[in-house]
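Trainee: Hi, could you walk me through this model? I'd like to start with the ligands.
Mentor: Happy to, let's open it up.

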Amino acid sequence: MSVVIVVGAQWGDEGKGKVVDLFTERADVVVRYGGGANAGHTLVIDGRKLVTHLVPSGVCHPGKSCVLGDGMVIDPQVLLDEIAQCQTRGLLMRGELLVGLGAHVILPYHKLIDGLREDRGAQTGRAIGTTRRGIGPAYEAKAARKGVRVRDLAKPARLRELVAANLDELAPLIAHLGGVAPSAQEVERWIDDALAAGRALAQHTGDASRHVAHAIGRGQHVLFEGAQGCLLDLDHGTYPYVTSSSTVAAGACQSAGIGPTAVGAVVGITKAYATRVGAGPFPTELHGEAGDRLRVAGGEFGATTGRPRRCGWLDLPALRMGARLSGMTSLALTKLDVLAGLSEVSVCVAYRLDGKELDEPPIDLDDIARAEPIYASFPGWGTLPSAARDVADLPAPARAYVETIERMAGVPFCLVSVGPDRSETIRLRDPFS
Ligand code: GDP
Ligand code: IMO
Ligand code: MG
């Protein structure tokens, strides 16, 4: 198995960063696909924390090639800051980073429009709760074939022309949303900043698709790192409460420009409970004290925006849906330790709608609002040893929980995570074997 895709199984923040860091031990190339700086991945290695938004979570393994695929939308300043942050820690010092020339660029007007829409949505009750990082507007420009790509940052005349053409169309929209269209000086500054960022990034840019294809051709191990989660997928998620890219496993092939026949395995990452940031359906959400307890115990505050994450019980029907959408061949279960201390742990095992039992959540927003989660309860466990390295080291109720979830999800586990640190992990199967 030389090509493995890692995806979030639900609504993001499942712990993909930690798992990608671990799997990178066995990889030669790590490719981030999809999305942009809406993602936030926290890595903890020997107690030291690193938060990444754009750079692949394999970055802590010097010498491994780290690629940003053409399907991404990249905020150049965020990327430069992140490269600088990594380099102060001695990472990315050997030319490991390759940014696809075809990736799209997030410019200040994308963030402006994202923010204005969210402000207006807050007044009308229709906010999506985006990260305001300009993701939607940048993908809109791409689909409209007007986007600015990384390759354009090296062409001042082309960049000027593209920005002017975009703003010509967007100025009325900005005014309609209650914003102030940028002045000529401001636009000039944006262009100068983008060109300067382009010059600084030039040493890291190239043909990402060929680079990945060559690695696969040579039999190297290639790890694809998904951002967000399957239920935030633009086509298959809880639309319109989704992000604007393909977060399912198929998005890896599209973003990186490789064929699906190259892929050997798909690992889904799921928490032992569930979280969601922003608006949208979350039937197993816990309100009040129970939700607060999970939020505090799990440190459930966004790595990108600092927003408190909504917390609830694990939703097995949603997990099954994610597994189906991405063709998962194994699952990594994270944050089992966060449930320690509860007298009872619940899991949604099915939904009931109009007298019928459903093994996946209904996707229509009206139906999901009416659907009733059916729960199973498990006895809790007092503590969980962070030194557990084998399922046999877990207290019996935690072991029973893990085994039942694995059986009911219908996908074998390859890893159980019992703490944020790289070392706090029970490894069951190597995804590359
Ligand atoms: P990602 O976006 O999927 O990479 O996930 P985030 O990094 O946004 O959020 C996951 C958070 O949980 C991070 O702060 C991780 O350090 C932390 N984490 C990962 N695995 C575990 C675990 O098993 N136990 C605990 N307590 N924290 C974990
Ligand atoms: P990682 O990779 C959790 C959510 C936002 C919002 C919706 C649309 O860390 O798991 P966007 O800014 O993309 O237009 O927002 O998607 N969202 C995430 N939620 N984790 C993420 O990334 C997310 N990226 C976007 O909260 O609901
Ligand atoms: Mg995250």
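Trainee: Which residues are closest to ligand 1?
Mentor: K16, G40, T42, D337 and S417 are the closest of the 18 residues that surround ligand 1; a residue is near if one of its heavy atoms lies within 4 Å. A word on conventions: this is a predicted model, where local features need pLDDT of at least 70, side-chain atom pairs count only at pLDDT 80 or more, and totals for chains, interfaces and linings use all residues. Residues are numbered from 1 along each chain as its sequence is written, chains are lettered from A and ligands numbered from 1 in the order in which they are written, and side-chain values use heavy atoms, leaving out hydrogens and water.

Trainee: Okay, and what lies 2.8 Å from an oxygen atom of ligand 1?
Mentor: A polar side-chain atom of K335 does. Polar backbone atoms of K16 and T42 are also 2.8 Å from an oxygen atom of ligand 1. Polar contacts here are pairs of N or O atoms within 3.5 Å.

Trainee: How much of ligand 1 does the protein bury?
Mentor: The protein buries 92% of the 590 Å² that ligand 1 exposes when taken alone, by the Shrake-Rupley method with a 1.4 Å probe. Helix α1 (16–24) and strand β3 (41–45) are the elements that give two or more residues to its shell. Helices (H or I, at least four residues) and strands (E, at least two) are DSSP runs, numbered from the N terminus.

Trainee: What coordinates the magnesium ion?
Mentor: D13 (OD) and G40 (O) coordinate the magnesium ion, ligand 3, at 2.0 to 2.1 Å. Donors are N, O and S atoms within 2.8 Å of the metal (3.2 Å for Na, K and Ca), and since water is not among the atoms, sites may look incomplete.

Trainee: Where do D13 and G40 sit in the chain?
Mentor: D13 is in the loop between β1 (3–8) and α1, and G40 is in the loop between β2 (29–33) and β3, 27 residues apart.

Trainee: Is G40 buried or exposed?
Mentor: G40 is buried, at 12% relative accessible area, whereas D13 is partly exposed at 22%. Buried means under 20%, exposed over 50%, and partly exposed in between (1.4 Å probe, protein chains only).

Trainee: Switching to ligand 2, which residues come nearest?
Mentor: Of the 21 residues around ligand 2, the nearest are D13, K16, T131, Q228 and T243. A polar side-chain atom of K16 lies 2.6 Å from an oxygen atom of ligand 2, and a polar backbone atom of Q228 is 2.9 Å from one. The protein covers 97% of the 550 Å² of accessible area that ligand 2 has on its own.

Trainee: New topic: how many salt bridges are there?
Mentor: The count comes to 21 salt bridges, each being a side-chain nitrogen of Lys or Arg within 4 Å of a carboxyl oxygen of Asp or Glu. One of them joins R26 and D430, with the closest N and O atoms 2.5 Å apart. R26 is in the loop between α1 and β2, and D430 is in the segment after β20 (425–427), 404 residues apart.

Trainee: What about E372 and R352?
Mentor: The side chains of E372 and R352 meet in a salt bridge at 3.6 Å, N to O. E372 lies in strand β18 (residues 372–379) and R352 in strand β16 (residues 344–353), so this pair ties together parts 20 residues apart in sequence.

Notes. A polar contact is a pair of N or O atoms within 3.5 Å; within protein, one must be able to donate a hydrogen and the other to accept it, and residues adjacent in sequence count only if both atoms are side-chain atoms.
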